[in-house]
Amino acid sequence: MRYGKRAEANLHRNEAFYLTILDSISAEIAVLDRNGIVIAGNQPWRHLAFKKGILPGDLAPHIKLGANFMEACRKLDKLTLAGSSSIIEGLQSVMSGQQAFFSIEYLCSTTRKRWFNMRITPMGDGAVITNTDITTVKQAELHEQFQQRILERLAQDEPLVSLFEALVLGLEQLNPTMLCSILLLNPETGCLGQGVAPSLPGFYNAAVEGLKIGPGVGSCGTAAHSGQRVVVNDIQNHSYWTAYRVLAQQANLAACWSQPILAASGQVLGTFAIYHREPHTPTATDIALIEQCARLVSLAIERRQAEAQLADS
């Protein structure tokens, strides 16, 4: 009897040990039985079920303990990339022993775009689901591809206006909460103009056209004057925007980060700005992104200037 109790106690300790390990893993992990019923889940999975995390609509009933995960798969299949395998077919294939594992990447848009990798592996008659957020890695990959496309278009002798518009729209597509603009500086007048900002209201672009740069002149006017990046997280409560608060409010703009576009010589060529409709503080990734875009614009401008000088000579 004592041996039986000791064995049972050891079993409970081992179960607690393994659960502690599973709960420490950031990926969401669940165990399904042969019928696709969720019989166990680590803490991230339980949290996902509680907050209805990765899918729009009421997902929680389909991923909580005791639920049939097949229902969640039917919703997930609607969100996977075109041409990809069906998640529910992959799950069934793994559980029937036809595949050693099944893996798929999928994009989910709730409040922001998030990328996930789901891996399904067999476990007895059932399966283990591992759902990992790969948004950071995927965004880096997509931004690298985006930059390469812009450089390829630059090499094709495309007009600057269409190149800038492709850059702005491409960046906004990758980051739907961002609204971007490019303004060029006229060195003779000290004014910003020739703007490319297809997602900003026309009246706002008209008001910014011909803006005289200087200290405290919004984000872009200040950045062009100082040659330094200007980050305004909350337009309505920042001194640089005192004269433009009403304009920004009418345009539904709440934050503006402006990066000066610098030539190799250090001369200011213009500004690249990112706006948000809510007060917003940039992350290190955001800062790297705005610097990268400003460099691309600078490269395009100087390349075209060099081509024009060569043609004239």
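How are α6 and α10 oriented to each other? The points below take this predicted model helix by helix.

1. **Orientation of α6 and α10.** Helix α6 covers residues 160–174, and helix α10 covers residues 284–312. They pack at an angle of about 170 degrees. Angles over 145 degrees count as roughly antiparallel, so α6 and α10 are roughly antiparallel to each other. Their axes are 11 Å apart.

2. **The contact between them.** From α6 come L160, L163, F164, L167 and L171. These meet L289, C293, L296, V297, A300, I301 and R304 in α10. By class, the contact has eleven nonpolar residues, one charged residue and no polar ones.

3. E158 sits in the loop between α5 (135–155) and α6. The residue is buried, because its relative accessible area is 14% and the cut-off is under 20%. Leaving aside neighbours within four places in sequence, E158 is in contact with R153, L163 and R304. Two of these names return from point 2: L163 in α6 and R304 in α10.

4. **Helix α8, largely enclosed.** Helix α8 spans residues 218–226. Seven of its nine residues are buried, so α8 is largely enclosed by the rest of the structure. The buried residues are G218, S219, C220, G221, T222, A223 and A224.

5. **What surrounds α8.** The buried residues of α8 pack against strands β6 (179–186), β7 (191–196), β8 (211–212), β9 (230–232), β10 (255–262) and β11 (268–276). G227 follows the helix. The phi of G227 is positive, near 75 degrees.

Note on methods:
Residues are numbered from 1 along each chain as its sequence is written. This is a predicted model: local features need pLDDT of at least 70, side-chain atom pairs count only at pLDDT 80 or more; totals for chains, interfaces and linings use all residues. Side-chain values use heavy atoms; hydrogens and water are left out. Axes are lines fitted to C-alpha atoms, for helices over the stretch in contact, and angles run from 0 to 180 degrees between N-to-C directions. Helices (H or I, at least four residues) and strands (E, at least two) are DSSP runs, numbered from the N terminus. Angles under 35 degrees count as roughly parallel, over 145 as roughly antiparallel, 65 to 115 as roughly perpendicular and the rest as oblique. Contact means heavy atoms within 4.5 Å. Ala, Val, Leu, Ile, Met, Phe, Trp, Tyr, Cys and Pro count as nonpolar, Asp, Glu, Lys and Arg as charged, and the others, Gly among them, as polar. Buried means under 20% relative accessible area, exposed over 50%, partly exposed in between (1.4 Å probe, protein chains only).
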